[in-house]
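Hi everyone, thanks for making the time.

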Amino acid sequence: MTPAMSASSQPTLWRTCRVLANRKRLQTLALLIRQPNQTVSAVAERMSLSVPTASQYLRALEARGLLTCRRVGRRVEYRPSAGTSEGAAGEIVRALRLVFRRRAQPIKAIFKLATAFTHPRRIEVFRAVTNGADSFAKLQAATNVPVRALSRHLAKLEARGFVKSEMELYAVTNPGHPFGRVLARLARR
């Protein structure tokens, strides 16, 4: 791992994005945002999932700080994190609440945006562009990412709307989507 990736928010961001880059987990999260305090079996029934699969999805979302659970007698209920907490999870939950309430086809957009940062090198490349590495050669020198891998990471960031290239120079873009703006802000840290 390079020094640029040693910041504490980096592993959290790419791992959180990997959890969010699953349509069924996003649908599960959307359900809990609309109807909090659901048990595993209730989520499984509403989502047409097996109980073990629903449990796995809920635990993955909880592990990233996006859900909290509480024991009520013999039952365990899940709800979205308050969104008032500090850190990446709090910012992400606040953005997701907004997106699920106000946007058409939120799952499709969130999935696409989350896949931009599902790899730690992609975050490193994004940060290098943010910090002024505007040519392919400068990016390669700043990140030490192999040429073919760097090309793939740049293509993914460009396709997801976080980076643009003009005349072989790269620049960070300002995503128009609220969740995209949160991801870009977190990736810069």
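Let me start in α4, where Ala54, Ser55, Tyr57, Leu58, Ala60 and Leu61 are buried. By buried I mean under 20% relative accessible area, with exposed being over 50% and partly exposed in between, using a 1.4 Å probe and protein chains only. Helices here are DSSP runs of H or I with at least four residues, strands are runs of E with at least two, and both are numbered from the N terminus.

A word on where this comes from: it is a predicted model, in which local features need pLDDT of at least 70 and side-chain atom pairs count only at pLDDT 80 or more, while totals for chains, interfaces and linings use all residues. Residues are numbered from 1 along each chain as its sequence is written, and side-chain values use heavy atoms, with hydrogens and water left out.

Staying with α4, how far apart are its end C-alpha atoms? They are 18 Å apart, which agrees with the 18 Å that its 13 residues, 51-63, should span at 1.5 Å a residue. The expected span is 1.5 Å times one less than the number of residues. Just after this helix, Gly65 takes a positive phi of about 85°.

Now let's zoom out. The protein has 10 helices and five strands. Its radius of gyration is 18 Å, close to the 16 Å from the globule rule for 189 residues, so the protein is as compact as a globular protein of that length. That radius is taken over C-alpha atoms, and the rule is 2.2 Å times the number of residues to the power 0.38. Of the 189 residues, 49% are buried. As for contacts, meaning heavy atoms within 4.5 Å, take those with a separation of 6 or more: 60% of them are between residues 24 or more positions apart.

On to the inside. In soluble globular proteins, nonpolar side chains tend to be buried together. I'm calling a nonpolar core a set of buried Ala, Val, Leu, Ile, Met, Phe, Trp, Tyr and Cys residues joined through side-chain atoms within 4.5 Å. Which members of the largest one touch the most other members? Out of 59 residues, they are Leu20, Leu96, Phe117, Phe162 and Phe179. Helix α5, residues 88-102, gives the largest share of this core, with seven residues. Do click on Phe179: beyond its neighbours within four places in sequence, Phe179 is in contact with Leu20, Ile92, Ala95, Leu96, Val99, Ile110, Leu113 and Ala114.

Next, the charged pairs. A salt bridge here is a side-chain nitrogen of Lys or Arg within 4 Å of a carboxyl oxygen of Asp or Glu, and the count comes to six. Have a look at Glu91, which is buried at 11% relative accessible area. Arg185 forms a salt bridge with Glu91, their closest N and O atoms being 3.1 Å apart. Arg185 lies in helix α10, residues 178-188, and Glu91 in helix α5, so this pair ties together parts 94 residues apart in sequence. Glu91 also forms a salt bridge with Arg189, at 2.3 Å between the closest N and O atoms. Here Arg189 sits in the segment after α10, 98 residues from Glu91. Both arginines count as partly exposed, Arg185 at 41% relative accessibility and Arg189 at 39%.

Elsewhere, salt bridges link Arg70, Arg75 and Glu77 in a network. Within it, Arg70 and Glu77 meet at 3.2 Å, N to O. Arg70 is partly exposed at 46%, whereas Glu77 is buried at 8%.

What about disulfides, meaning pairs of cysteine sulfur atoms within 2.5 Å? A search of the whole structure finds zero. For two of the cysteines, Cys17 is buried at 0%, while Cys69 is partly exposed at 33%.

One last stop: the loop between β4 (163-166) and β5 (169-172), where you'll find Met167. Its phi is near 50°, a positive value in a residue other than glycine. Glu168 is in that loop too, with a positive phi of about 65° although it is not a glycine. Met167 is exposed at 81%, and Glu168 is exposed at 69%.

Terms used. Disulfide = S-S within 2.5 Å.
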